[in-house]
Amino acid sequence: MKTIGYAARDAQTPLAPYTFERRALRDNDVALEILYCGVCHSDLHQSRDDWKEWGPTLYPCVPGHEIIGQVVAVGPKVTRHKVGDAVAVGTIVDSCQQCDQCRRGEQQMCREVPTLTYNGRDRLTCETTHGGYSKHIVVRDEFVLRLPEGLDPSRAGPLLCAGITVYSPLRTWNVGPGSRVGVVGIGGLGHLAVRLAAGLGATVTVITRSAAKAAEARALGADHVIVSTSDEAMKAGASSLDVIIDTVPVAHDVSPYVALLDVEGVLVIVGNLGPVPAFSSLPLVLGRRRITGSPVGGLPQTQELLDFCARKNILPDCEIVPMQQINEAFARMDRGDVHYRFVIDMASLTAA
Ligand SMILES: [Zn+2]
Ligand SMILES: [Zn+2]
């Protein structure tokens, strides 16, 4: 199947139109027409080959792993989806399906390494996978999620990466009514963490460096705000939180946040920080506090998130852009100039 998308040809040049072939349907494949695709920071970094420690970018690179679409064709052995269904695809499109992690629905931690939606290698042909900045995609049945009725397709995309990245640790650490959750940073991930934690019944505190963001945090549903540049506010917040979701995407000192954790509290890092400044083990030892990390969730949990958001009417704030504006969107995202996530409207992408 011939399709059109936008690709990075190398690390320096802007994304540009790219015509390519999607594989012919295998027996268990679903073909989608992509309607919307969220724009993730990973898309920008992968396009620029910023993550060499995880392996080089395979050019041409068609990014995009927050995909919302409609089924246009199915292979003869597809059982979960039919033509016309509203569906979603996230950050992975295949895994071994045999190992202990796959069997317990944590395909993102597959022992044989899951196949990434883009910049991955197809398990059968070793061809480079291409993501959602395109008109069509072909994905095996099991890795296609159901888009529940009532969830606005133009805003649901970011749930597939940003959303599940913060929802998964909230579920891992049993956040619910009575939980005291802190969220560090209110960008694409952080604003969803506030809404999801509140939706789960938690009391939510936003921790921000800027007093100017307090009103913004409250408007998102935060009950409290701690301005981290105020020693007084940080002291007053000591030992007051059970779970902190730290969404800051660059290396930073986590010690001030550990001080906000109550006994047995947990600080969850969800960004790719690399080495972080040294922290003292003392508050960890004395209060059985934990510092941990968390990736996206597996397929069952991602479906759970979509269903939960439909039920609770939780969605990200999105700015919809045409495919042709992706390079401006990257530049604006890079300087934090988006509230809070870009979504590409694929209707803008025509064969012409
Ligand atoms: Zn992402
Ligand atoms: Zn596996």
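# Close-up views of a predicted model

Figure 1. In β15, T292 is the bridge partner of V268. This is a predicted model, in which local features need pLDDT of at least 70 and side-chain atom pairs count only at pLDDT 80 or more, while totals for chains, interfaces and linings use all residues; side-chain values use heavy atoms, with hydrogens and water left out. Residues are numbered from 1 along each chain as its sequence is written, and chains are lettered from A and ligands numbered from 1 in the order in which they are written. Strand β14 (residues 261-269) runs parallel to β15, and four bridges join the two. Strands (E, at least two residues) and helices (H or I, at least four) are DSSP runs numbered from the N terminus, and two strands pair if DSSP finds at least two bridges between them.

**Figure 2. The six-stranded sheet.** Follow the strands across this open sheet and you meet β12, β11, β10, β13, β14 and β15, in parallel pairing. The edges belong to β12 (224-227) and β15 (290-293), each of which pairs on one side only. From one strand to the next, the twist averages 20 degrees (axes are lines fitted to C-alpha atoms, for helices over the stretch in contact, and angles between N-to-C directions run from 0 to 180 degrees).

**Figure 3. The zinc site.** Three residues hold the zinc ion (ligand 1): C40 through SG, H65 through NE2 and C161 through SG, at 2.0 to 2.2 Å. Donors are N, O and S atoms within 2.8 Å of the metal (3.2 Å for Na, K and Ca), and sites may look incomplete because water is not among the atoms. Along the sequence, the donor residues follow the spacing C-x24-H-x95-C. Buried means under 20% relative accessible area, exposed over 50% and partly exposed in between, using a 1.4 Å probe and protein chains only.

Figure 4. With a relative accessibility of 0%, V30 counts as buried. Where does Q70 come in? V30 and Q70 are 40 residues apart in sequence, and their C-alpha atoms are 9.9 Å apart in space.

Figure 5. The model has one cavity of 30 Å³ or more. The largest cavity has a volume of about 100 Å³, and among the residues lining it are G90, T91, I92, F143, L145 and L160, together with V296, G297, G298 and L299. The second largest pocket has a volume of about 400 Å³. Of its 22 lining residues, R23, R26, D122, T129 and V138 lie nearest its centre. Strands β2 (16-21), β6 (92-94) and β8 (136-140) are the elements that give two or more residues to this lining, and β8 provides the largest share, four residues. On a 1 Å grid over the protein atoms alone, a cavity is a set of points where a 1.4 Å probe fits but cannot get out; a pocket is an open set with protein on both sides within 12 Å along at least five of seven lines, and lining residues have an atom within 4 Å of a point. Points are joined across faces, edges and corners, and a volume is the space filled by probe spheres set on them.

Figure 6. Most peptide bonds are trans, and most residues other than glycine have a negative phi. The bond from Y59 to P60 is cis, with omega near -5 degrees; P60 lies in the loop between α1 and β4. A cis bond also leads from H339 to Y340, with omega near -10 degrees, and Y340 belongs to the loop between α11 (326-334) and β17 (341-345). N174, not a glycine, has a positive phi of about 55 degrees. This residue sits in the loop between α4 (162-172) and β10 (180-184) and is exposed, at 63% relative accessibility. R288, also not a glycine, has a positive phi of about 50 degrees; its place is the loop between α9 (282-287) and β15, where R288 is exposed, at 59% relative accessible area.
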